[in-house]
Structures are given as structure tokens and as C-alpha cells.
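Good morning, everyone. Please look at the screen while I walk you through one model.

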Amino acid sequence: MCKQALLTNIKKIETEKLNLVIDTILGQCTKTERSGLGYFFATESGIFGEKSLKTDSFRSLTAHESSPWSIKTHEYLGQYGQPAGPAFFHGRTSTNEISLVNTHPLSKDNIHLVHNGVVNNIGPSYKRATTNDTEHLVHYFKKDNCTTKSLEKYVTGYYAFLSYNSDTKETHVIRDNIAPLYSTWIDSIESYFFATTENIIVESCKALSWNYGPIESMDSDLHLVFQGNTLISMSPFKSLGYGQREASFATKSLGRELTSPE
């Protein structure tokens, strides 16, 4: 099971502590994931992020694949501007090709996304940039202006995903009725904290000396939209369901049997 996390607001995190926050949360997201990791956050002038197949070798999402970055994140903030919104984190367990281009986050124009689950496209084919099934979520989410209309029609499987629209500055949190997602409020940094497991929240907050509120499981079949920390939309949706292959992956990763459809 991939691990993902989201802070809805990192404006209150001091610049010199940003690397520690990134390293800590990514460390929790990759304790059991070995297929790649990545993160991104909103800045005053755009999106800054890195991803890697190794925990000690990040590469900028804006660079060519052959150009590794070795300088710490805060040394780039002069170019990208100060943190100005949410931050997203991902540790990957691959169900397809292990490569940098397949490593989360995945982006298409203004849509940037991390995902836990296994999905399949049963809709029209399209020109793909990766062999990662997550691209189906990016494609349809972009196509329908960040609504679940096409996801409900063309995407089978199970999923929880976290996405950012860099044009509208909106953060999207989506969970079906299978993939887990938990959340809490961190008062000291004035941010919601979403994560795949309760343990990611607990251990990250303990390491960063953050006091946290009650941890709650996000309701199933729900699409949340945030503008900063403000919840501006909450919409139900109906996922299409899953096939035998997806049920097999879910059973293995979630540690509970998911009955295959007839």
C-alpha cells in the first residue's frame, strides 16, 4: 500500500525547519515503501517539488530527468518564493514499472496529484506520459475541471488521492469506500494533516513536537475541497467498483480480504 500525506497549510512553518518537516513526514511515508518517494508544495511563484527512487537522491520535478539536485530545499526558495499553501508527500509501493517518471507526484498542466490504490481505465484511450495507473486519475480529474464525473464513469479500482490545482489554489481530498485516509488538526502550524495511516500522523507529530487533535477516519465516498484551511466544498461521489486484479492488490495491501466481484 502506498503511503501519502497532506498538510493543508505550511505558511506557519519556519523556512529553516521546512527540510526537517519534509524529511520527517517522508520518512514515515516510506517506512515500508521501497519503490520511490516524492513531495511538492505551493510557493509564492508556483510549485516546488522533488521525487526520487532513493531516499537520499531527490530530483526536481521541473528539471530534466538527467539533472539531479543535491542542494537542500530551502536553498531554492529564493527562486521559487516562500511556502504559500499546502504540502503533499508520497511513498510508493509499485504495482507497475519502477521508474522516476512513474514516481509520485504526477502532474498534468495545473493538476498535481499523489495516490494510494490501484485503478484501471475502462474509458477512451488517451496519449499517456507514464505507465503508472495513477495517470488515469490525473487525466480524468484534469479533463473534468477537478470533479469526479469521469472518475465515476471510467475508472475502476480503489483509491484515495490528494491533489492541488495550481490555477485555482484549491486542494482536493478524495476517498472511496476502500482506501484509508485519516485526518487531524495541528494547532501550532494552523494546518489540517491528512495521511494514509494514523501512525504517520502520530509519529510525525511526535518527532516534530506538534500537538495534535483527535484523529478521525475520513468518511467514505467523499470529495473535499479546501482553499487554504477553509473547507469550501464537500460532495459525495460513487466510485465505479473494482475487478479481480484490483481486489487482489487491495487484499494484500490492506491486510483484509476484499471479495472479488462475480
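Is Lys142 buried, partly exposed or exposed? Lys142 is partly exposed, at 26% relative accessibility. Here buried means under 20% relative accessible area, exposed means over 50%, and partly exposed is in between, using a 1.4 Å probe and protein chains only.

A word on the ground rules. This is a predicted model, where local features need pLDDT of at least 70, side-chain atom pairs count only at pLDDT 80 or more, and totals for chains, interfaces and linings use all residues. Residues are numbered from 1 along each chain as its sequence is written, and side-chain values use heavy atoms, with hydrogens and water left out.

pLDDT is the predictor's confidence in each residue, from 0 to 100. The chain's mean is 84, and 83% of its residues reach 70 or more. Over residues 57-75, though, pLDDT is below 50.

Back to Lys142. Its side chain meets that of Asp109 in a salt bridge, at 3.9 Å from N to O. A salt bridge puts a side-chain nitrogen of Lys or Arg within 4 Å of a carboxyl oxygen of Asp or Glu. The two partners are 33 residues apart: Asp109 in the loop between strand 6 and strand 7, Lys142 in helix 3. Helices (H or I, at least four residues) and strands (E, at least two) are DSSP runs, numbered from the N terminus. Asp109 is exposed, at 62%.

The whole structure has 4 salt bridges. One of them joins Glu135 and Arg128, at 3.7 Å. Glu135 is buried, at 10%, while Arg128 is partly exposed, at 36%. Another pairs Lys206 with Glu203, at 3.5 Å. Both lie in helix 5, about one turn of the helix apart.

Now the inside. A nonpolar core is a set of buried Ala, Val, Leu, Ile, Met, Phe, Trp, Tyr and Cys residues joined through side-chain atoms within 4.5 Å. The largest one has 25 residues, and Leu7, Phe89, Phe193 and Trp210 have the most contacts inside it. Helix 1 gives the most, with 6 residues. A second, separate core has 16 residues, including Tyr140 and Leu151.

Last, the backbone. Most residues other than glycine have a negative phi, and most peptide bonds are trans. Glu190 has a positive phi of about 55°. Asp221 has one of about 50°, and Asp221 is buried, at 17%. A cis peptide bond joins His104 and Pro105, with omega about 5°. Pro105 lies in the loop between strand 5 and strand 6.

Methods: Contact means heavy atoms within 4.5 Å.
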